[in-house]
Amino acid sequence: MTLLAKLMLATVATMTAGTVQAKAPAPMQNKPVNCDNCKEWNAPVKPFNIHGNSWYVGTAGLSAVLVTSPQGHILLDGALPQSAPLIIASIKALGFRIEDVKYILNSHAHWDHAGGIAALQRASGATVVASASGALGLQSGTNGNDDPQYQADPVVHVAKVAKVKVVGEGDTVKVGPLVLTAHMTPGHTPGGTTWTWTSCEDARCLNVVYADSLNPYSSGDFTYTAKGAGKGKTPDISASFEASIAKVAALPCDIIIPVHPGTMDVLGKAARRSGTDNPLIDANACRAYASDAGGLLAKRLAKERGVASPAEAKDAAHAH
């Protein structure tokens, strides 16, 4: 199916999604977050088709994915507060409407993936969905005290999301023919969630994985091994983190879109597409993503346990 044909179908799908009257313009974006990487992360990119009814609508460094149907759409993540207008513009550029988004799903509640959700929810009227721990983060607008990045200085606050639907392992979110499944992958955050679905193009149906971060990045003196647990530190979460990595590696996976697209060169692969060749399709991608994460975690745990003193993994301190 050519991109032109897909866009024509997108227009038809949007027209048949209902005759909802246009809403008043949504309030302006919430207060932007300033960080060392924010400008680079928030650079706009042209939205593109991933496969079938799945579309990339995020920014250069922060993923957001739209999964579409004639009955309504599902949006995954909201990036930074200042990303919300860019995501809405990308949805519109593809021929869809933000008002037809029925659900907004969150990977984890850090400000670089959830900061734009409040504004996107206001613009769409969609139901926001997250894990139990993620819901608390969205509702408070900041990291919880059990988050590896809780001690970030300064503490970053983003707009709160008042109402969040909570999901657990294996729960699904459905709109018309769309069925997206939640997989709990704690580690980077306590409420980390990876989402999966099937996207079809003509007769070819592929498993798409929207993979949450598996990067063992933390702030302050947080440890994953609970070194010094008797002094009020957090419990040992190393085993659950390792289990999350193994879970992602074992998922049915033809296409992976990580929350930070650069970790799997999503934009580069999309740019290299030609004709029927789609480099985004890679049956080994989830295993490769998990393998890289496993290496980072192993180095971190070894350092905490005093087994070795390896140099910090390249770029580990820059990916949230």
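Biologist: Which residue does His-183 stand opposite in strand 10?
Modeller: His-183 faces Thr-194 there. Strands here are DSSP runs of E with at least two residues, and helices are runs of H or I with at least four residues, both numbered from the N terminus. This is a predicted model: local features need pLDDT of at least 70 and side-chain atom pairs count only at pLDDT 80 or more, while totals for chains, interfaces and linings use all residues. Residues are numbered from 1 along each chain as its sequence is written, and side-chain values use heavy atoms, with hydrogens and water left out.

Biologist: Thanks! In what sense do strand 9 and strand 10 pair?
Modeller: Antiparallel, over 4 bridges, with strand 9 covering residues 178–184 and strand 10 covering residues 193–201. Two strands count as paired if DSSP finds at least two bridges between them.

Biologist: What sheet are they part of, and what is the strand order?
Modeller: An open sheet of 5 strands, in the order 8-9-10-11-12, with mixed pairing. Strand 8 (172–175) and strand 12 (255–258) are at the edges with a single partner strand each, so one side of each has no neighbour in the sheet. On average, neighbouring strands are turned by 20 degrees against each other, direction ignored.

Biologist: Which helix packs on the sheet?
Modeller: Helix 9 (residues 285–305), which touches strand 11 (204–211) and strand 12. Its direction makes about 40 degrees with that of strand 12. For such angles, axes are lines fitted to C-alpha atoms, for helices over the stretch in contact, and angles run from 0 to 180 degrees between N-to-C directions. Contact means heavy atoms within 4.5 Å.

Biologist: What about the inside? How many residues has the largest nonpolar core?
Modeller: That core has 46 residues, and those with the most contacts inside it are Leu-76, Leu-180, Trp-195 and Trp-197. Helix 9 gives the most to this core, with 7 residues. Such a core is a set of buried Ala, Val, Leu, Ile, Met, Phe, Trp, Tyr and Cys residues joined through side-chain atoms within 4.5 Å. Buried means under 20% relative accessible area, exposed over 50%, and partly exposed in between (1.4 Å probe, protein chains only).

Biologist: And what does Leu-76 touch?
Modeller: Beyond its neighbours within four places in sequence, its contacts include Val-65, Leu-105, Leu-180, Trp-195 and Tyr-210. Another core, of 35 residues, lies apart from the largest one, with Cys-38 and Phe-96 among its members.

Biologist: Switching topic: how many residues of helix 5 are buried?
Modeller: In helix 5 (residues 117–124), 6 of the 8 are buried, so this helix is largely enclosed by the rest of the structure. Its cover includes strand 4 (73–76), helix 3 (84–93) and helix 6 (132–140). Just after helix 5, Gly-125 takes a positive phi of about 75 degrees.

Biologist: Last one: where does pLDDT stay under 50?
Modeller: Over residues 11–27 and over residues 312–318. pLDDT is the predictor's confidence in each residue, from 0 to 100. Where it is low, the predicted coordinates should not be read in detail. The chain's mean pLDDT is 88, and 84% of its residues reach 70 or more.
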